[in-house]
Amino acid sequence: MKVSEAQQAFFAARRPRKDSPHTTDAYRRDLAGITTLLVSELGRPAEDLDVTDLTGPALRAVFGVFADGHAKSSVLRAWSTWNQFLTFCVADGLLEGNPMGAVARPRTPALTPKPLRGEETPEQLLSAAAAGSRRARDPWPERDVLVIALGLVAGLRAAEMRALTARSLVGRAGELRLHVRGKGSRDRSIPVQPVLAELIERYRESCRVRFSSVRFSPGSPLLLDRAGEPIGRGALEYLVKSCYRGAGLHDRVPAGANLHALRHTFATRLAEDGATASEIMALLGHASLATSQNYIEATGREQRAAAASNRTYRALDGLS
């Protein structure tokens with residue numbers, strides 16, 4: 001069977017899993033990227049590649065080229081995608097064995113929370129955004145504040161923010177909840193306070209002023225770009241990054257975190273205030289309790305007590 005046909009069969013076999021469009025797009029990019037390198041390595045057009053051409057030496061060579069131009073996380077994701085694809089090929093009788101065993105796999109990086117640094121940083125960021133500190137051709141503080149708040153008080157991912165509609169907020173005063181379609185198409189409901197509903201309404205009013213000729217239905221995407229279209233992933237990341245810079249807080253953001261740092265700050269503050277791993281798991285939509293446990297361990301009182309028992313502290317006390 002040709003590689004292109006096998007890849008189509010792979011995606012057809014995954015349909016019952018109900019992967020999110022984002023997941024499917026990532027798989028397609030990983031398969032296409034490595035396939036392009038295989039074309040160069042083997043010197044044959046993509047349409048002529050056969051599944052039997054997917055040997056250990058060939059894959060090892062192209063993954064080496066791929067690794068030279070990509071971050072460890074990208075290499076790990078591509079390795080995982082191809083491992084799943086080739087496992088499917090073995091299960092379907094297209095290959096006798098999975099050749100990915102011959103390809104070195106990057107070590108999985110430790111899952112370490114990356115919250116914003118500084119106890120007052122979240123509050124300073126919100127205040128600066130509300131004051132319109134973000135440098136933009138068309139300032140929109142109502143939207144900036146809402147995006148930051150959705151990360152800090154609801155712990156939303158970028159894709160979850162982009163999927164919100166006016167219908168996502170439900171309930172009466174005192175019992176408001178934000179319904180979110182999360183990673184892996186898992187739904188969750190996050191309790192929120194009335195002030196978030198006020199921020200959403202203030203933002204929606206700004207939309208009605210900006211786009212007076214446009215009628216928005218309750219099912220329309222909540223977050224928009226300057227043209228009144230649903231905001232893209234890149235634009236959302238840039239919005240948050242420029243909010244950090246406008247507030248003069250960019251040096252308090254862990255490298256590579258940006259929007260996700262808001263989510264990590266939400267979870268870290270929950271852990272610091274005594275939330276259990278299961279509560280954090282439910283609020284963040286984690287698939288594994290172990291992931292949520294990382295926040296408990298990163299802020300655990302036992303670790304603080306252990307570190308404080310270091311005898312050298314007594315010597316430091318004597319110096320003061």
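Mentor: Before we start, domain bounds here come from an automatic or database domain assignment. Keep in mind, too, that this is a predicted model.

Trainee: Okay, how far apart are the centres of domain 1 and domain 2?

Mentor: Start with where they lie: domain 1 covers 3-102 and domain 2 covers 120-304. Take the centres over C-alpha atoms, and the separation comes out at 34 Å.

Trainee: And how many helices and strands does the protein chain have?

Mentor: Picture the C-alpha atoms in a box of roughly 70 × 60 × 35 Å, taken along the principal axes. Within the protein chain, the tally is 14 helices and 3 strands.

Trainee: Which element gives the largest share of the largest nonpolar core?

Mentor: That core has 42 residues, and Leu146, Leu150, Leu156, Leu178, Leu196 and Leu223 touch the most other members. Elements giving two or more residues to this core include α6 (141-154), β2 (177-181) and α8 (194-210). The largest share is 8 residues, and it comes from α6.

Trainee: Which residues does Leu146 touch, leaving out those up to four places away in sequence?

Mentor: Leu146 is one of the core members with the most partners in the core. With those sequence neighbours not counted, Leu146 touches Leu196, Leu199, Ile200, Tyr203, Leu222 and Leu223.

Trainee: How many residues are in the second, separate core?

Mentor: Look for Leu38, Val62, Ala78 and Val103, which are among its members. In total, the second core has 27 residues.

Trainee: Last one: what share of the residues of the protein chain count as buried?

Mentor: Buried means under 20% relative accessible area. Of the 320 residues, the share that passes is 38%.

Conventions:
Residues are numbered from 1 along each chain as its sequence is written. This is a predicted model: local features need pLDDT of at least 70, side-chain atom pairs count only at pLDDT 80 or more; totals for chains, interfaces and linings use all residues. Side-chain values use heavy atoms; hydrogens and water are left out. Helices (H or I, at least four residues) and strands (E, at least two) are DSSP runs, numbered from the N terminus. Buried means under 20% relative accessible area, exposed over 50%, partly exposed in between (1.4 Å probe, protein chains only). A nonpolar core is a set of buried Ala, Val, Leu, Ile, Met, Phe, Trp, Tyr and Cys residues joined through side-chain atoms within 4.5 Å. Contact means heavy atoms within 4.5 Å.
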